[in-house]
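Keep the structure open as you read.

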Amino acid sequence: MLDRIITLDEFIFRRQKDFPFASGELTNLLRDIGVAAKIINREVNKAGLVNILGVAGIENSSGDLVQKLDVYANEKIVDCLKNSGECAGITTEEMEEFIALPGVDGKEAKYVVVCDPLDGSSNIDVNVSVGTIFGIYRRVSKIGEACKVEDFLQKGTALVAAGYVLYGTSTILVYTTGNGVNGFTLDPTIGEFCLSHRDIRIPARGNYYSVNQGYYLKFDLEVRRYIDHCSDLNLGLRYIGSMVSDVHRIMFQGGIFLYPNTRKYPKGKLRLLYECNPMSFIVEQAGGKAINSKLERILDLDITELHQRATIAMGSPEMVDDMQNFVNRYSAAAMV
Ligand code: AFP
């Protein structure tokens, strides 16, 4: 039980004081992302009114053009970071190329941001939870010059911070700066994210597995055998189709989330930079594990393209280990 309300801003500021040489730039950047999340939350909550206000691409009753929510979320994130002056560049799942942001008031930024502005957006029309995922890297190119693609093409191990916002029955922001994971629930009455989940730890095992079982026959043999094993253990299947929501459940109740290769997506569907790396950093910081179908740690994967895809198995450490054993056993058997 928390004795008094601690807002996200206060928490971030307090944490900054734990680092004697911190300049406050990361603090400000995290705060700006929190502001963008509140703006996106406001629009997500109105999504059900779209049929009344107008549909995407046409004018609403006020004469404004109604946008698709993922496009809107993308614009809001970019706007917030553009004006903040703490971000040298941003790349998102919505954009083909990254954007280099100019310094503000003569100040040159040292961080770049990667983001999936509205993950699971195909769920919006049916009122199912969606999320925003973000990651922050220290740029590797020269400060003072326009940022370069290399600033974004860094392994997950180089992440300075990562987080997600889940727009669910309540809106919650979960983030890490590599020193544990904390969650903040939006109190709509005061418009603040308030510390609600301190030092989140993933249980070693859980009672659920999360995979699009509709693709079962398209998975490799070893993945199918692992899924059979989960079913043999009487684990429940939970799959929302919105990675943030599925992983958020695992953060608290344990379990495993899988998106393996299929015939349609031989390299996996999810994006390494925007989805897999930030979520893996958070999961590892909470004591979990995240690997790909080749059993490589997600955060160690080389990245050569902004929109590179990856396969993933993440969640409770003992369940990821089990999955690893199945892959080892059945892929060896397949080679005989
Ligand atoms: P959308 O953003 O297009 O809805 O995709 C969501 C997502 O990237 C991830 O959040 C889900 O876990 C996964 O794709 C769902 O994909 P399937 O519909 O193929 O299971």
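Helices (H or I, at least four residues) and strands (E, at least two) are DSSP runs, numbered from the N terminus. After α7 comes G287, with a positive phi near 95°.

This is a predicted model: local features need pLDDT of at least 70, side-chain atom pairs count only at pLDDT 80 or more, and totals for chains, interfaces and linings use all residues. Residues are numbered from 1 along each chain as its sequence is written, and side-chain values use heavy atoms, without hydrogens and water.

Now the interior. A nonpolar core is a set of buried Ala, Val, Leu, Ile, Met, Phe, Trp, Tyr and Cys residues joined through side-chain atoms within 4.5 Å. The largest one has 44 residues; M243, M251, F257, M279, I312 and M314 have the most contacts inside it. Elements supplying at least two residues each include β3, α6, β11 and β15 (312–315). The largest share of this core, eight residues, comes from α7. Another core, of 42 residues, lies apart from it, with I77, V78, A161 and F193 among them.

Which residues lie nearest the centre of the largest pocket? They are D119, G120, S122, K269 and E275, out of 25 lining residues. β3 (111–119) gives the largest share of that lining, three residues.

Key: 1 Å grid on protein atoms, 1.4 Å probe; cavity = no way out; pocket = protein on both sides within 12 Å on 5 of 7 lines; lining within 4 Å. Buried < 20%, exposed > 50% of the residue type's maximum accessible area, 1.4 Å probe, protein only.
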